[in-house]
Amino acid sequence: MTATAADDGRDAVARAHRDEWARVTATLIRQTGDWTLAEECAAEAFARAVERWPSEGVPRNPGAWLTTVAKHLAIDRLRRRANESAKVREAAQVDEVERGRSVGRRAGVPLPAPGDDPAEHESEPGGDWGDEPADGVDDRLRLVFTCCHPALALDARVALTLRTLGGLTTGEIAQAFLVPEPTMAQRIVRAKQRIRNAGIPYRVPDAAALPERLGGVLAVLYLVFNAGYSASGGDAERRGALAGEAIRLTRLVVRLMPDEDEAASLLALMLLQDSRRRARFDDAGELVLLDAQDRTRWDAGEIASGVAVLRALARRPGGIRGPYRLQAEIAASHATAPTADATDFDRIAGLYDELAGIDPSPVVALNRALAHGFAGRPQAGLDELDRLAASGALDRYHLLPAAQGELLARLGRPEAAAERLRAALALAPSEAERRQLRRRVDELDAAH
Amino acid sequence: MEYLLIVATDPEAEPFVAEEDNVGDWVDDLEARGIRIRGQRLRPPADATLVRVRDGELLVTDGPFTESKEWMAGYDILEVESLDEAIEIASRHPMARFGRIELRPAWPMDVHEPGAERHARERAEEEAAIGR
């Protein structure tokens, strides 16, 4: 064994963890119906890969090897449990998993050698692992919809999605959401118990319920993304990984449901927003707003990917222009402008008009007003913001007075602008935002 | 799985419109789909009777009279594949609009297992689940 071969083995395990965790776990959940058992056996299978691949070589089909090892471990554990407690129910589970398998009947379950392709073992007469579900639906899709089931609390959906689908450890998820690890562990256990006790099915919803349920899945993924994207300072390192994780899982959903425009649109939106992540804070850790960002720090690769997704969607006949699609197109307009001044705010304002037509929320109305203001209509934008302020819908939202301040500054009224920005300062939720607003107030005070 | 579908009033729901109370269609549709269902409307809390034994003494009173504006107005028992099917059925009950519906999964047990044993066993299982 050379050092390089060992490195290759370790790299292969890391790659397989990223690419195959969801498949191995999802298959095992279908076969055993036991989420905890499935996760433990999947984790153990990866631990065996770490032990064996560096010295013995990487199997030709790493995913199949891992699934087979994990399943052998599951059968073994179920049998031991059944022997220990002689519980009828679990014995029935063993039968379900084995389904006519001859080798697994022995007490010690043999593991395939890593050099082998476990698929070769499948050809034994009567062998039916049931690794391919009878309905032909990818098990990972079942897992996606079950983790994001609306009968689970939102924080449980997020935790379960990252743990079971994403393969993050409980400790990693706890760190990312700034809660103690035992709290997160209990949240995940409770979620799994609720799936079993409430009768949440392990399946993809039928056509009638699909649009709403897919919307729920995408909302969870976007929430994970934003938890990572909005992190700042010391949290940024721990939480920033969530943005990448959300992109990876959204990519998976897009691959599994390639005809769903809103899923692809969310992927584009995440890529385009994430492209600015490194430019949102300067070297001193200060928040930098979009128009002042150093565009050379934007991730050109992510911008190209996001724009490519949108181009493909535009070519689809009868494509849906949903909320994620419109937000992604807005993000693309910003991302492809060579300078802040060259931004096509007329187009952005038009997109916000369209978005406000399908999403009448006050935050969309705020952004729409601001876009019209930046598109050379500051007074019209300000009037709209004043109406929004009078409605009281965004009373505690710091970005409303901040937006009023920016349009007042454009109208040549620095004193009124500074007053609004001070109001925003009093409401801003984070220190980074307060510092940014203070700097802006100082600029305006110096201007008059 | 078996679910108890609790039909309840809800002051925050839209006002009841008698002409749109199509609960008969709802029952027919379930029967036609082969879903076993049985249920009843319930008399209001004013007609309820409360039974208690305290210090060995039987107490029978009318009530309970609570300030609550949400009360159980009826029930159905469903036998379905999963929660998703139960949700779909509940969503089409007229009282999902005019009131609200709570789905409670049945929790089967061996009624002849001694209570102390069942209690100890279920506690141990719960602790094992949390511990790992």
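How many helices and strands does chain A have? Chain A has 19 helices and 0 strands, where helices (H or I, at least four residues) and strands (E, at least two) are DSSP runs numbered from the N terminus. This is a predicted model, in which local features need pLDDT of at least 70, side-chain atom pairs count only at pLDDT 80 or more, and totals for chains, interfaces and linings use all residues. Residues are numbered from 1 along each chain as its sequence is written, while chains are lettered from A and ligands numbered from 1 in the order in which they are written.

## Chain A

Of the 448 residues in chain A, 42% are buried. A residue is termed buried if 20 or more other C-beta atoms lie within 10 Å of its own, exposed if 12 or fewer, and partly exposed in between, with C-beta atoms placed from the backbone. Among contacts in chain A between residues at least 6 apart in sequence, 63% join residues at least 24 apart; two residues are in contact if their C-beta atoms, placed from the backbone, lie within 7 Å.

The table gives the computed geometry of both spans.

| Span | Distance between end C-alpha atoms | Helix | Strand |
|---|---|---|---|
| Residues 23-82 of chain A | 26 Å | 88% helix | 0% strand |
| Residues 145-195 of chain A | 12 Å | 73% helix | 0% strand |

Helix α5 (residues 139-147) of chain A is largely enclosed by the rest of the structure, because 8 of its 9 residues are buried. The buried residues of α5(A) include A:Arg140, A:Arg142, A:Leu143, A:Val144 and A:Phe145.

Two packed helices are described by the angle between their axes and the distance between the axes. For helix α6 (residues 154-165) of chain A and α8(A), the packing angle is about 95° and the axes are 9 Å apart. This makes α6(A) roughly perpendicular to α8(A). Axes are lines fitted to C-alpha atoms, for helices over the stretch in contact, and angles run from 0 to 180 degrees between N-to-C directions; angles under 35 degrees count as roughly parallel, over 145 as roughly antiparallel, 65 to 115 as roughly perpendicular and the rest as oblique. On the α6(A) side, A:Asp155, A:Ala156, A:Ala159, A:Leu160 and A:Arg163 take part, and they meet A:Met184, A:Arg187, A:Ile188, A:Arg190 and A:Ala191 of α8(A). These residues divide into 6 nonpolar, no polar and 4 charged, where Ala, Val, Leu, Ile, Met, Phe, Trp, Tyr, Cys and Pro count as nonpolar, Asp, Glu, Lys and Arg as charged, and the others, Gly among them, as polar.

The loop between α7 (170-176) and α8 of chain A holds A:Leu178. A:Leu178 has a positive phi of about 55° although it is not a glycine, and with 11 C-beta neighbours inside 10 Å it counts as exposed.

## Contact between the chains

The contact takes 12 residues from chain A and 10 residues from chain B. On the side of chain A that touches chain B, the largest share, 5 residues, comes from helix α8 (residues 181-198) of chain A. That side has 7 nonpolar, 5 polar and no charged residues.

## Chain B

In chain B, 4 strands form an open antiparallel sheet in the order β2-β5-β1-β6; strands pair if DSSP finds at least two bridges between them. The edge strands, each pairing on one side only, are β2 (37-41) and β6 (99-105) of chain B. Neighbouring strands of this sheet are turned by 15° against each other on average, direction ignored. Strand β1 (residues 2-9) of chain B pairs with β5(B) in the antiparallel sense over 7 bridges, and B:Ala8 has B:Met72 in β5(B) as its bridge partner.

β3(B) pairs with β4(B) in the antiparallel sense over 6 bridges, and B:Arg54 has B:Glu57 in β4(B) as its bridge partner. The hairpin of these strands has 2 residues between them, and there B:Asp55 takes a positive phi near 50°. B:Asp55 is exposed, with 5 other C-beta atoms within 10 Å.

B:Lys69 belongs to the loop between β4 (57-62) and β5 (72-79) of chain B. B:Lys69 counts as exposed, with 9 C-beta neighbours inside 10 Å. The C-alpha atoms of B:Lys69 and B:Asp10 are separated by 6.8 Å, although the two residues are 59 residues apart along the chain.
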